[in-house]
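These are my notebook entries on one protein model. I set down what I looked up, entry by entry.

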Amino acid sequence: MKFRTQAPRDAIKALARLTATAMVALLAGFLETSAQAQPASMAGVDAALLEDMVVGSRILADFGVLDGFGHVSARHPTNPNHFLMSRSLAPALVTADDIMEFDLDGNAVDASGRSLFLERFIHAEIYRARPDVMSVVHTHSPGVIPFSVTKVPLQAMFHNPSFLAAGVPVWDIRKDFGETNMLVSNSAIGKSLAQALGDKPVVLMRGHGDVTVAPSVKMAVFRAYYTDVNAKLQSQAIALGGAVNYLTPGEGEKADKTNFAVIDRIWNLWKMRILPTLAK
Ligand code: MN
């Protein structure tokens, strides 16, 4: 009996090892191709950063935090006055070759006829206002919309979204700009949003979505995902009735440090889910 159960198990293990090796080889090939195709304007940008942006865009789409809209950006690693984001494209389709370089006025360094995201000013003005921020994610996360249009503040429900315990401001475009198409389509609107964000990790946008920021792409993506999870759970907890026992700011600060320390565990899991989508 023992032999019969052990043999298939060994075979499965061997197959898993082979699959993992094949995926690493696939990714290496993908990144090599991307590096060769990289335009001169992307000098100083390494493949690992581009990979994080691709994995982040695709995993957030996979989770339904991003749909056809939304974007993941990173500050340029060697020029703090520039940032990187995809050309206008659904996040689930982003590859390293689609990532472009911008200045903080939202101008593309080398557009080469590619179309640009209308809301790139969200990213530009936050990088300008927050030297500590290395990555920005903008989503239309379904979970957060109710908290952007009611008086109920988004608060930290559990340890992964602990960063919400610092407080979550809500920005209303109508306050300064009247009736608009709701988009952050120029520097002045981006500046107003960056002011509302202040020194916090997340800002909600009334009737629109949210922006999360962090010192790395991995953490900004982690925060975008868990902000959506938290919002959905908080709506459930409120529906159950009675007082909700949220994390305190002190608990939030301590838990956030732990999240930073273990980010690679969840990131590697997300990467394994995304690699097959790159093998085209
Ligand atoms: Mn938007």
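How do the residues of the lining of the largest cavity divide into nonpolar, polar and charged? I found six nonpolar, four polar and no charged residues there. I counted Ala, Val, Leu, Ile, Met, Phe, Trp, Tyr, Cys and Pro as nonpolar, Asp, Glu, Lys and Arg as charged, and the others, Gly among them, as polar.

Basis. I note that the model is predicted, that local features need pLDDT of at least 70 and side-chain atom pairs pLDDT 80 or more, while totals for chains, interfaces and linings use all residues. Residues are numbered from 1 along each chain as its sequence is written, and side-chain values use heavy atoms, with hydrogens and water left out.

Cavities. On a 1 Å grid over the protein atoms alone, a cavity is a set of points where a 1.4 Å probe fits but cannot get out, and lining residues have an atom within 4 Å of a point. I found two cavities of 30 Å³ or more. The largest holds about 60 Å³ of space, a volume being the space filled by probe spheres set on points joined across faces, edges and corners. Its lining includes Met-53, Ser-57, His-71 and Phe-117. Helix 2 (47-62) and strand 1 (71-75) are the elements that give two or more residues to this lining. Helices (H or I, at least four residues) and strands (E, at least two) are DSSP runs, numbered from the N terminus.

Glu-119 lies in the loop between strand 3 (99-103) and helix 3 (120-129), and His-208 in the loop between strand 6 (202-205) and strand 7 (209-214), so the pair ties together parts 89 residues apart in sequence.

Largest pocket. A pocket is an open set with protein on both sides within 12 Å along at least five of seven lines. The largest holds about 300 Å³. Of its 18 lining residues, Phe-163, Ala-166, Pro-201, Arg-223 and Asp-256 are the closest to its centre. Helix 8 gives the most to this lining, with six residues. I recorded eight nonpolar, two polar and eight charged residues in the lining.
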